[in-house]
Amino acid sequence: MKILVVNAGSSSVKFGLFDWETLVPTVRGLVDFNAQPDGAQIIVREGDTVVAQRTSPSKKYRDAVAGALSLLQELHFVASPEEIPAVAHRLIHGGEAIREPVIITQQIKEIIRQFIPLAPLHIPAGLQAIEVTESLFPGAVQTGIFDTAFFAHIPPAAYLYPVPYEWYTEWGIRRFGYHGTSHAYAMERAAQMLGRPVESVHLITCHLGQGSSATAIAEGKAVTNTMGFTPLEGFMMGTRSGTVDPGIITYVQRHHGLTADQVERILHTQSGLLGVSGISGDYREVLRAAQAGHKRSQLALEMYAYRVRAMLGALAVTLGKVDALVFTGGIAENASELRADICRGLECLGLFLNPERNAACQPDADISSDNSPGRILVIRSQEDYILAREAKRLVSANRAGFA
């Protein structure tokens, strides 16, 4: 038996199969909606070997995901739907109501839908992925782990905003934090690499992908995350603005006639790397343009690194000390030049980068100098392992026959 893991992001879907007994991945895949102009690119890997690469004839999210998962059966990684007793979904938002892994029911889906206005790029994608797997694997138990759950222990002083308190008590406006599953895995793996218990380390985990965030972690618990009420807060991202002066929003509405819907769409889908460069929201495309001399792309990358670096400094102050800075996520794992730009100036925090190690890095790796008081680690994101592990635990507890 195998566990199917589906991580539905805003611009890509990661999926994989994990052996039920060992939790070892047997195959992993990616649906990349940015890689091809005329359709989504589907890549399936067995270990480091690409065993299939196709372009989905449809760029519709649901169709591309269904095509990718059906490919697992076509390639004989799944003999029949009955081989899949559990599907594990990474879900974005469970609010204050859901802090633990859950079996996805109609009631859970209704709770998830309540938060669509807070994460409009992610939540509809996650719900579509659930519907696809329900259709393809009708006998499987659908389970979900919420990114917000990792931040359940953030104290009120960190999660409340300095607005009327009734906005929280009556409307639920507070910081939630996102990318929790990725930060949780990075925390566990970093402690392992440092040879120390999770409860004894102070970490900053920096997840850089199409969406990006950083988390301050002390004694195995999140202290704060750069994202807030929505995934729009924090770092500059692929198409999201990150943190901006809220006065800008009322200004462009009052003086330039933009509606609330227009402002929301612009900040989520037309800002960030795309908005500054005018080229793309895909880091790879912006980097290529910058290397070819495109000035706005060069500026976009400078801004990206600057804003990450500034916010990492703020997180370090909340911790008091940093045993390790961890880079994870698709961009952070592969962009050595970005890591170097971000680390330039972090020496004051006791974080000294080794340029040669950084340039030659293959995750999981320590890229700090030998004499660096704090370590700089690059860790391959394996939030899918966390998803598979929790799905097995949840299903075993509820259906002992699978154990």
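Two strands count as paired if DSSP finds at least two bridges between them. The views below come from a predicted model.

**View 1. Six strands build an open sheet.** The strand order is β11-β10-β9-β12-β14-β13. Pairing across this sheet is mixed. β11 (221-225) and β13 (365-366) stand at the edges. Each has a single partner strand, so one side of each is left without a neighbour in the sheet.

**View 2. Strands β12 and β14 pair in the parallel sense.** β12 covers residues 324-328, and β14 covers residues 375-378. Four bridges link the two. Leu325 stands opposite Ile376 of β14.

**View 3. Helix α6 lies across the strands of the sheet.** This helix spans residues 180-194. The strands it lies across are β9 (202-208), β10 (212-218), β11, β12, β13 and β14. Helix α6 runs at about 130° to β9.

**View 4. Helix α11 lies across β9, β10, β11 and β12.** Residues 295-319 form this helix. Helix α11 runs at about 155° to β9.

**View 5. Cys206 is in no disulfide.** A search of the whole structure finds zero disulfides. For Cys206, the nearest cysteine sulfur belongs to Cys343, 9.0 Å away. A disulfide needs the two sulfur atoms within 2.5 Å. Cys206 is buried, with a relative accessible area of 0%.

**View 6. Cys348 is exposed.** Its relative accessible area is 67%. The closest cysteine sulfur to that of Cys348 is in Cys343. The two sulfurs are 11 Å apart, too far for a bond.

Note on methods:
Residues are numbered from 1 along each chain as its sequence is written. This is a predicted model: local features need pLDDT of at least 70, side-chain atom pairs count only at pLDDT 80 or more; totals for chains, interfaces and linings use all residues. Side-chain values use heavy atoms; hydrogens and water are left out. Contact means heavy atoms within 4.5 Å. Axes are lines fitted to C-alpha atoms, for helices over the stretch in contact, and angles run from 0 to 180 degrees between N-to-C directions. Buried means under 20% relative accessible area, exposed over 50%, partly exposed in between (1.4 Å probe, protein chains only).
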